[in-house]
Amino acid sequence: MVMTERKVKYTRTLLFSIFIAVFGNSFLYGYSIGDVNNPAGVMRIFYVKVLWERAGKIPKDWDGNDISPVVPQNGTASTTTIGPVSNSTNTSMSLSEQMKKYSEEDDFVELLWSITVSIFVLFGMIGSFMSGKLAERLGRKGGMMAITFIMMLAAVIGGIPIATQSFECVIVHRALVGLHNGLSLSLNALYLAEISPKKIRGAVGTCQQLFITVGILTSNILGVSKVFGTDKLWPGVFIFNAFPAIVCLVGFPFCPESPRYLLITKGKVEEARIALKRLTGYSDVEDELDEMKAEASKQKSVKSFTLKQLLVAPELRLPVIIACALQAGQQASGINAVMSYSSFMYKNAGVPPHTVEWVVCGTSLINMLTTIPAVPLMERLGRRPLLIYPMSCMLVSFIVLTIFHNLQYVDHMESHHNIFAIIGIIAMHTYVMGFALGLGPIPFFVVGEIFRQEPRSAAMSVSLCFNWVCNFILMLVFRFMQKGLQGYVYLPFCVVLISTITFIVLVVPETKNRTFDDVAAELSHGFRLRKRKGGLPEKEENSELKPMTT
């Protein structure tokens, strides 16, 4: 039976459910990516203050006024590396200035900060592995409601570091936020896909990516010095996490559970019927129910692929390599380093300190606006062109940024440093635009399009694991890369981009307007020469035209 296409009704239930899902989950993921960016300077100084207080170098009740370093009872100032230098050896630098300098240059502080930023990704990876079982046990909506308590706990812990004089609270906060986001990304994606009518599923998916960019922009705005980015108020950036979580917890009871989950997983036909009526606005939803029942019966005969089967199957070797390479290339191209460390990158590029926080907000705004046309362009231009050309733009941007970053250190060109800084800002923004158009959304689409139904779920898990691992490693080591490579820190990303572009040109097929079976058949022949548009190698394609003999 063929289900007739009906006009989509944008019911209040559908729109409200989409908003609650993306605001309470997608928005929070984006917010968590950028919330440590603008307040990074004052937070690192807080780390130094806590370390010096614990080492007895300054009084524990120090209020920020400049004082002499604490001198031990033997009358000699400490010579350990932790703590301010004595006034006798440095009369030109106040204690506050010493603290700021120490926060920017000390390797231990750098390590603590890298852990603070990257632990979000590590626990996100853990959460992503747990999300499948949670989705099946509590449902899509039920799972998202349950994990809001993780985010509210994170908000409480993130709000007390100054009161407790503990930077460990910040690290625990970031770990809990990462766990929540790892769980919520999968749950939210499932919920949105399963409540959305087929005709607008792509547009709803765009809403998810759009709210991620809105979250990044919001966190950057709240982190500026005019709002929460001060030495007393920066925990407010973390407390804000509770607001979307509370909205999610209060709003979701008025939203229906996924009809597909209710019928296919739980077998609750009547509850699925009621949910469909609320979402679609139609009283007759029997066609939709019949489609779900057919899908449920088909799933019973679908072979479940284990990780081992996925990795050893010869016909899946090339698709798995493509999936993992695209996800690894997405993160290793440096995007989350840009979003989480852009304030440091702009300072290194010569942007005046008082301007950096607003340039960071501008970057997030451009990222948000560029995301909007990405999906329509994908359907019009195809996947390969929208990967190759924007990535080429990203590569050129990093090359330009490297050149003008190094010109900042040429003394006889000091009069041009402002111009170099402006060029650096433009280059960074063109990089973000290139990512938002291509390498940001497309790998997730391509991974879903190069596998047949049976191995698709396992392949997505493996490729997402590569994504999280590469993200974690980059976030952990990037600041050390900045210190070691200085003006050449973007060159490793250029190598990644060149390698990924070459890989896409030579190996990745175009999947636009092609069936899953067609693409899978082409890739099943591995690295042997393939016809781009024909699907199968010419020899085997011709062999299929021969009549069968018995």
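Predicted model: local features only at pLDDT ≥ 70, side-chain atom pairs only at ≥ 80, totals over all residues.
Does Ala21 count as buried or exposed, and at what relative accessibility? At 0% relative accessibility, Ala21 counts as buried, where buried means under 20% relative accessible area, exposed means over 50%, and partly exposed lies in between (1.4 Å probe, protein chains only).

Residues are numbered from 1 along each chain as its sequence is written, and side-chain values use heavy atoms, with hydrogens and water left out.

Now for the overall picture. The protein has 25 helices and zero strands; both kinds of element are DSSP runs numbered from the N terminus, helices being H or I with at least four residues and strands being E with at least two. Of its 550 residues, 52% count as buried. Take the contacts (heavy atoms within 4.5 Å) between residues at least 6 apart in sequence: 79% of them join residues at least 24 apart. The accessible surface, worked out by the Shrake-Rupley method with a 1.4 Å probe, with only the protein chains shown counting as cover for residues, comes to about 25100 Å², and 65% of that belongs to carbon and sulfur atoms.

Back to Ala21, which sits in helix α1 (residues 12-34). Leaving aside residues up to four places away in sequence, Ala21 touches Ser26, Asn188, Tyr191, Leu192 and Phe252. Leu187 is 166 residues away from Ala21 in sequence, yet the two are 9.4 Å apart in space, C-alpha to C-alpha.

Helix α1 is also the place of Phe16. With 34% relative accessibility, Phe16 counts as partly exposed. Together with Ile246, Val250 and Phe254, Phe16 makes a nonpolar surface patch of about 390 Å². Patches are built from residues with over 30% relative accessible area and no salt bridge, with like charges joined within 9 Å and nonpolar side chains (Val, Leu, Ile, Met, Phe, Trp, Tyr) joined within 5 Å.

Next come the charged pairs. A search of the whole structure turns up 10 salt bridges, each being a side-chain nitrogen of Lys or Arg within 4 Å of a carboxyl oxygen of Asp or Glu. In one of them, Glu53 pairs with Lys49, and their closest N and O atoms are 2.6 Å apart. Glu53 and Lys49 are four residues apart in helix α2 (residues 40-54), so about one helical turn separates them. Both Glu53 and Lys49 are buried.

Glu104 and Lys100 also form a salt bridge, at 2.8 Å from N to O. These two are four residues apart in helix α3 (residues 95-105), so they too are separated by about one helical turn. Here Glu104 is partly exposed, with a relative accessible area of 38%, and Lys100 is partly exposed at 43%.

What about a pair that links two helices? The side chains of Arg273 and Glu286 meet in a salt bridge (2.8 Å, N to O). Arg273 lies in helix α12 (residues 269-280) and Glu286 in helix α13 (residues 286-300), so this pair ties together parts that are 13 residues apart in sequence. Arg273 is buried, with a relative accessible area of 16%, whereas Glu286 is partly exposed at 32%.
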